Amino acid sequence: MALHELTLDKIEHFTLLATTTITDVGDQTGVDLAGYEGDVQIILSGTAAGADTDLTFRIEESDASGGTYTAATGGTFTDIGNAAYKEIITLNSNDLKRYVRLSCTAKTGSPSSAVTCFGFGLKKYG
């Protein structure tokens, strides 16, 4: 087996937001990154939010699942405006606190966008 095949066997995904329609600000449930190491890629995808509207999302981090979350450095996505949207950001799980979540932090107008967010990373002991 080639080295890249061994690496691909260790990649696992995690869901930050199952596809749902977002119309307002709010926070999602935290995801435990304790089993991951190195870079994780987080993908946010959505439909157009509507004319003259937008939604702003970011990744937040916390030491505890029910704790206080703060913005993760480098974890802010470009606004979802009036076009189909997909963005991938890469964060190092070793630099993040144990739990991360997706937060919709701002809106303009009366947006409505079907949004999904998930990540991929290498498991430590996979």
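**Close-up views of a predicted model**

**View 1. The pairing of strands β4 and β9.** Residue I42 lies opposite G119 of strand β9. The coordinates shown here and in the other views belong to a predicted model. Strand β4 and strand β9, the latter spanning residues 113-123, run antiparallel and are joined by nine bridges.

**View 2. The four-stranded sheet.** Four strands form an open sheet in the order β1-β9-β4-β7, and their pairing is antiparallel. The edge positions are taken by β1 and β7 (85-92); each has a single partner strand, so one side of each is left without a neighbour in the sheet. From one strand to the next, the twist averages 15°.

**View 3. The aromatic pair F14 and Y36.** The model contains two aromatic pairs. One of them joins F14 and Y36 in an edge-to-face arrangement, with 5.3 Å from centre to centre and 65° between the planes. This pair links distant parts of the chain, as F14 belongs to strand β1 (residues 11-22) and Y36 to strand β4 (residues 36-46), 22 residues apart. F14 has a relative accessibility of 6% and therefore counts as buried. Y36 is also classed as buried, because its relative accessibility is 6%, where the cut-off for burial is under 20%.

**View 4. The aromatic pair F118 and F120.** The ring centres of F118 and F120 are 5.5 Å apart and the ring planes meet at 85°, so this pair is edge-to-face; the class requires an angle over 60 degrees. F118 is partly exposed, with a relative accessible area of 26%. For F120 the relative accessible area is 36%, which means that F120 is partly exposed.

**View 5. A charged group over the ring of Y36.** The charged end of K123 is placed over the ring of Y36, at 4.4 Å from the ring centre. The ring of Y36 is also the one that forms the edge-to-face pair with F14.

**View 6. The surroundings of S45.** Residue S45 is located in strand β4. Its relative accessibility is 25%, so S45 counts as partly exposed. Apart from neighbours within four places in sequence, S45 is in contact with Y85, K86, A114, V115 and T116. With one of these residues, Y85, there is an approach to the backbone: the side chain of S45 reaches the backbone oxygen of Y85 at 3.5 Å. D24 lies 21 residues from S45 along the chain, and the C-alpha atoms of the two residues are separated by 16 Å.

Note on methods
Residues numbered from 1 in each chain as written. Predicted model: local features only at pLDDT ≥ 70, side-chain atom pairs only at ≥ 80, totals over all residues. Heavy atoms only, no water. Phe/Tyr/Trp six-rings, centres within 6.5 Å; stacked < 30°, edge-to-face > 60°. Helix = DSSP H or I, 4+ residues; strand = E, 2+ residues; numbered from the N terminus. Buried < 20%, exposed > 50% of the residue type's maximum accessible area, 1.4 Å probe, protein only. Lys NZ or Arg CZ within 6 Å of the ring centre and 35° of its normal. Pairing = 2+ DSSP bridges. Axes fitted to C-alpha atoms, helices over the stretch in contact; angles between N-to-C directions. Contact = heavy atoms within 4.5 Å. Polar contact = N/O pair within 3.5 Å; in protein donor to acceptor, adjacent residues only side chain to side chain.
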